[in-house]
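I opened this model to see how its chain is put together, and I kept short notes as I went. The entries below follow the order in which I looked things up.

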Amino acid sequence: MPDISPNKPYRIGRSKTGLGLFATRKIKKGSKIIRYFGPMLDSRNKKHQDIDNKYLFEINNRWTIDGSVRKNIARYINHACRPNAESDVNTRKRKVVIRAVKTIHPGEEINYDYGTDYFKIFLKPIGCKCDHCEKKRAKKEADKRAEARAEKLRLKRKAEKKAAKDAAKPAKSKAVKTKAVKSKALKTKAVKTKAATAKSASKLARGKAGPHARGTGQPTRTKASRTKPLAGGAAAPSRKRASAI
Ligand SMILES: [Zn+2]
C-alpha cells in the first residue's frame, strides 16, 4: 500500500467492496481532499487508445487521466450514488481534484459519484454496493418480506374463520336441514303434479265443450231448455206467487 503523509486527513482502509479511503480528521464541506492524477492519455495517440483499465478519468473528448498508477491515492475512493465528495474537473488545466460536498467526519468513508457511464458499465451488472443502494435494496427486501408475512397472516385468518364457521354448525342440524330441503322438494313436486292434473283436467273439459263452443248448427240442449217457454216445473210456482200479489 502506498505511504500517506500523516498530514493528510485520510487513510486507506477496508471497505465493503475491498479498499477505500477514510477520513482521519474532520474535512470541511467544500474543501479540497485530494488530487486525482496520472499520465495524460491523448485520444489522438494510437498507443494511448489501447490502454484500458478501471481508473481512467475522462476530462473531455481528447484527454483522459490514467489513474491506475500506484501513487494516485485518489483511485482508492469508491463510488457512491449519494456521495460526500465530488470530482472537480478543470478542463483547461486538465486537473481533477476531489472536494468535499458535505462535512466529512473522522472514520467516514470518502466517496464521489463516478458518473452514469461508469455506473452502467461496471456497477449496474453487479449491483451498486454504496450505502444508498444497499439501504434501498434492504428496504425493498424488508417490504417484500413484510408483504409475504401479511399475505400469510391473511390466509391463516381466512382458514381460521372458515374453521370456526364449520365448527359452529352442528352435524345434526345440518342433517335436519337436508331433510327439510328434501321434503320441500317433495312438496314442490306434489304441487307441480297437482297443477299438472288440474291443467290436464281443464284441457279435457275444454275438449268436451269444444263442439258446443265452435257451434254445430244445432241448438244445444242447454240453450233449448233456456229458450223453451217453461210450462209448469220449477218456474210455475213463482209466477203464481207474482199474480197473487
Ligand atoms: Zn449506489
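The model is a predicted one, so I treat every value here as computed from it.

Entry on the overall make-up. I count six helices and 10 strands in the protein chain, and buried residues make up 14% of its 245 residues. When I took the contacts between residues at least 6 apart in sequence, 63% of them turned out to join residues at least 24 apart.

Entry on the core. Which residues touch the most other members of the largest nonpolar core? I find Ile33, Tyr36, Ile77, Ile98 and Ile110, out of the 22 residues in that core. The elements that give two or more residues to this core are β2 (18–23), β3 (32–36), β9 (95–100) and β10 (109–112). I then followed Ile77, leaving aside its neighbours within four places in sequence, and its contacts are Leu21, Ile98, Ile110, Asn111 and Tyr112.

Entry on β9. I sorted the residues of this strand by face: Val96, Ile98 and Ala100 form the covered face, whereas Lys95, Val97 and Arg99 form the uncovered one. This is the pattern I would look for, because side chains in a regular strand alternate between the two faces of the sheet. On pairing, I note that β9 runs antiparallel to β3 over four bridges, and that it also pairs with β8 (residues 85–90) in the antiparallel sense, over six bridges. Ile98 in β9 stands opposite Ile34 and also opposite Ser87. In the hairpin of β8 and β9 four residues lie between the strands, and Arg94 takes a positive phi near 55°.

Entry on α3. I checked the span of this helix, residues 131–168, and its 38 residues reach 54 Å from the first C-alpha to the last, close to the 56 Å expected at 1.5 Å a residue. How many of its 38 residues are buried? I count zero, and I therefore record α3 as hardly covered, burial requiring 20 or more other C-beta atoms within 10 Å of a residue's own.

Conventions: Residues numbered from 1 in each chain as written. Predicted model: local features only at pLDDT ≥ 70, side-chain atom pairs only at ≥ 80, totals over all residues. Buried ≥ 20, exposed ≤ 12 C-beta atoms within 10 Å, placed from the backbone. Contact = placed C-beta atoms within 7 Å. Core = buried A, V, L, I, M, F, W, Y, C linked by C-beta atoms within 7 Å. Pairing = 2+ DSSP bridges. Expected span 1.5 Å × (residues − 1).
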